[in-house]
Every structure is written in C-alpha cells, then in structure tokens.
Amino acid sequence: MKLLLVAIIALLLLALLRPGFGFRSQRPHHYEGTGPVFDIRTHLSGEMISEGIIYGPMGRVVSRFVATMNGEWSNDTGTLSEDFAYAGGNTQARKWYLTMGEDGAFTATADDIIGEGRGQQTGATVQLHYRIRLPESAGGHVLDVTDWMYLMENGTIMNRSEMRKFGIKVAELVATIRPKGN
C-alpha cells in the first residue's frame, strides 16, 4: 500500500513539473480576444514605476525592488530604460532595445541578455522569452526567463517572470508597472 501511494505521489509530481501544467503551459493564443489590448508601443511608453518582489527556489522572498522606467518609441523601434533600487541597497540599470515585427511579434535585446529575446503581444498580454546573464555579484549564472505581462483595465501592468536553470525553476518575479504619477 505504501509503495502504491509513493508511486501515485511521484507520478503527480512528474505531471506537475511537465511544461503542460501551470505557468509554463500558457500560450499567447490563450489570450486572443481579451482586453484591453496590450500594445507595448503605447503601454511601455513614457515614465513608469515598477514595484516588485523576487522569490527564491524555496518560495521565500529574497529581494524587493522599486524601479523607474522610461519607454521611448519611434514607429516600430523603441528603448525601455530600467533603473532598479533593491531593498538591500544595490542598484542596477538595464536598457532594452525593442523592435516590432509582424502580427504582434517583437524582439528584445539588452547588454545582459544573451542573443535576442522573442516576444508576442496577444490580447491583454505580452509574453517574452530570453536568456539573461546575472551580474557576477549574483553569481554570474545564465538563466532562461519567461515573462508574462497582463494589462489591467486601469492601465497597470502585472508582470510575472519565471527564471530557470537547466529546466529547474530557481526564481520568480512578481511586479507591477504603472505610469508615473498614478
């Protein structure tokens, strides 16, 4: 009986770790027809504030931050500057270079991004996949990141990111992004 129970628990755990379940099971087409429609040229433009937390692999908060952001666009190309202030006193700056493609697709690059990130706008969401190299002060690890941003009716963006190394989730970020002054 104990062996059967252990086998059932093991199968359930394997099923939950597969990409078909949970956060990784989301696909852009799941959000077709949802609104308000998320257009990064509009909603990631101008001065913004982001407030967030980062969870470690055990689910505990390991960091908190406030970031000022500024998005500037010229037709289908844009930049998004981010200046992070972490609760522990560290700071970090990143500048994304964004290029719109066909049917809501876009690419994203930054100095700490390996290669090119690939994104997709669909309905009220934006999904972005990329590989990031953490600073040496954070171990210099290379992580695979999936960002999902959800546009709320009041213009606030809810951001959830999952970071993986060798396919294993090592961190998760949850943040809001809103126009400065709101």
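How many bridges join strand S9 to strand S10, and in which sense do the two strands run?

Modeller: The model is a predicted one. In it, strand S9 (residues 157–165) is joined to strand S10 (residues 168–179) by 9 bridges, and the two run antiparallel. Within this pairing, Arg-164 has Lys-169 of S10 standing opposite.

A barrel is closed by 10 strands, which follow the order S1-S2-S3-S4-S5-S6-S7-S8-S9-S10 with antiparallel pairing. From one strand to the next, the twist averages 25 degrees.

Strand S3, covering residues 77–86, pairs with strand S4, covering residues 91–100, in the antiparallel sense over 9 bridges. Here Thr-79 has Tyr-97 in S4 as its bridge partner. S3 and S4 make up a hairpin with 4 residues between them, and in the turn Gly-89 has a positive phi of about 105 degrees. S4 is also joined to strand S5 (residues 105–109), by 4 bridges, and these strands run antiparallel. Met-100 has its bridge partner in S5, namely Phe-106. S4 and S5 likewise form a hairpin with 4 residues between the strands, where Asp-103 takes a positive phi near 55 degrees.

A pair of aromatic rings is described by two quantities, the distance of the centres and the angle of the planes. The structure holds 5 aromatic pairs. In one of them, Phe-65 and Phe-84 have ring centres 5.3 Å apart and planes at 70 degrees; the pair is therefore edge-to-face, as an angle over 60 degrees counts as such. This pair links distant parts of the chain, since Phe-65 lies in strand S2 (residues 61–74) and Phe-84 in strand S3, 19 residues apart. Phe-65 and Phe-84 are both buried.

Trp-96 and Tyr-130 form an edge-to-face pair as well, with 5.2 Å from centre to centre and 75 degrees between the planes. Distant parts of the chain are linked here too: Trp-96 belongs to strand S4 and Tyr-130 to strand S7 (residues 125–133), 34 residues apart. Trp-96 is buried, as is Tyr-130.

Finally, Phe-65 and Phe-84 are joined with Tyr-86 into a cluster linked by ring pairs.

Technical notes. Residues numbered from 1 in each chain as written. Predicted model: local features only at pLDDT ≥ 70, side-chain atom pairs only at ≥ 80, totals over all residues. Heavy atoms only, no water. Pairing = 2+ DSSP bridges. Phe/Tyr/Trp six-rings, centres within 6.5 Å; stacked < 30°, edge-to-face > 60°. Buried < 20%, exposed > 50% of the residue type's maximum accessible area, 1.4 Å probe, protein only. Axes fitted to C-alpha atoms, helices over the stretch in contact; angles between N-to-C directions.
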